[in-house]
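Me: Could you take a close look at the helical packing in this model for me? I'd enjoy one connected walk through it, with residues and distances.

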Amino acid sequence: MARVIAERADVVPLLTEIFRTYGYEGASLARIGAGTGLGKGSLYHFFPGGKDEMAAAVLAHIDLWFQQNVYAPLRETPDARRGIAHMFRETKRYFLSGQKVCLVGVFALGNERDRFAVAVKSYFVDWAAALADALRRDGKDAATAMALSEDVVGAIQGALVLARAMDKPKLFVNTLARLEARLLA
């Protein structure tokens with residue numbers, strides 16, 4: 001059955017998985033067309049700026065998901081500990097318990113890093129800041145909260161890489177559990 005794509009927003013989740021699988025450089029227009037079921041004309045109709053615009057839309061889509069599902073709950077949940085626990089649950093869910101790589105991390109490490117530097121940086125800065133805010137509300141001083149949040153975000157990213165490299169998704173899940181226990185101890 002042919003895939004029905006009525007608007008640009010329908011294409012972005014498909015593009016996300018294509019970029020996640022092949023990276024920016026490996027996501028050729030042929031692969032993008034095959035993965036979305038769209039021809040070049042339709043792709044350029046939705047994304048006149050080409051692959052750069054597609055990648056920017058994907059990064060914005062990821063950012064919106066994290067803003068709504070991770071950062072806002074960290075900042076707005078009255079009980080900071082519940083917000084922190086929520087962050088770990090949603091992070092585990094988003095990355096399919098370590099089976100999905102972090103596309104923002106892939107962009108941070110690839111040749112496209114400079115092209116998307118603002119979006120990549122804001123993803124990590126926003127995450128660390130939101131977690132630090134929750135840790136401050138939980139009683140940590142500002143410097144300790146920021147150091148812990150940077151350690152945790154870095155450990156999550158590292159665990160994703162390690163789980164993928166070793167083909168052990170459980171490693172990611174176990175790391176999240178240890179990090180959560182450490183923060184909530």
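Reply: Happy to! Helices here are DSSP runs of H or I with at least four residues, numbered from the N terminus. With that in mind, note that the model is a predicted one, and start at the end of helix α8, where aspartate 167 follows with a positive phi, near 55°.

Helix α8 itself covers residues 142-166. At the start of α8, the backbone nitrogen of alanine 143 has a side-chain oxygen of aspartate 141 within 3.2 Å. Along the helix, the buried residues are Ala145, Ser149, Val152, Val153, Ile156, Gln157, Ala159, Leu160 and Ala163. These buried residues pack against α5 (80-94), α6 (103-109), α7 and α9 (169-184).

Of those partners, α7 leads us on to α4. Helix α7 (residues 117-137) and α4 have axes 9 Å apart, at an angle of about 10°. Angles under 35 degrees count as roughly parallel, so α4 is roughly parallel to α7. On the α4 side the contact includes Leu59, Ile62, Phe66, Val70 and Leu74, while α7 brings residues including Ala119, Tyr123, Trp127, Ala130 and Ala134. Sorted by class, the contact of α4 with α7 has 13 nonpolar, one polar and six charged residues.

Helix α4 (residues 50-76) also meets α1 (residues 8-26): their axes come within 9 Å and cross at roughly 105°. That angle makes α1 roughly perpendicular to α4. From α1, the contact draws on residues including Val12, Pro13, Leu15, Phe19 and Tyr24; from α4, Met54, Ala55, Ala57, Val58 and Ile62 are among those taking part. By class, the contact of α1 with α4 has 10 nonpolar, two polar and five charged residues.

Alanine 55 sits in helix α4 and counts as buried because its relative accessibility is 0%. Leaving out residues up to four places away in sequence, alanine 55 touches Phe19, Tyr24, Phe107 and Phe116. For a sense of scale, alanine 30 is 25 residues from alanine 55 in sequence and 15 Å from alanine 55 in space, C-alpha to C-alpha.

Conventions: Residues are numbered from 1 along each chain as its sequence is written. This is a predicted model: local features need pLDDT of at least 70, side-chain atom pairs count only at pLDDT 80 or more; totals for chains, interfaces and linings use all residues. Side-chain values use heavy atoms; hydrogens and water are left out. Axes are lines fitted to C-alpha atoms, for helices over the stretch in contact, and angles run from 0 to 180 degrees between N-to-C directions. Helices (H or I, at least four residues) and strands (E, at least two) are DSSP runs, numbered from the N terminus. Angles under 35 degrees count as roughly parallel, over 145 as roughly antiparallel, 65 to 115 as roughly perpendicular and the rest as oblique. Contact means heavy atoms within 4.5 Å. Ala, Val, Leu, Ile, Met, Phe, Trp, Tyr, Cys and Pro count as nonpolar, Asp, Glu, Lys and Arg as charged, and the others, Gly among them, as polar. The expected span of a helix is 1.5 Å times one less than its number of residues. Buried means under 20% relative accessible area, exposed over 50%, partly exposed in between (1.4 Å probe, protein chains only). A polar contact is a pair of N or O atoms within 3.5 Å; within protein, one must be able to donate a hydrogen and the other to accept it, and residues adjacent in sequence count only if both atoms are side-chain atoms.
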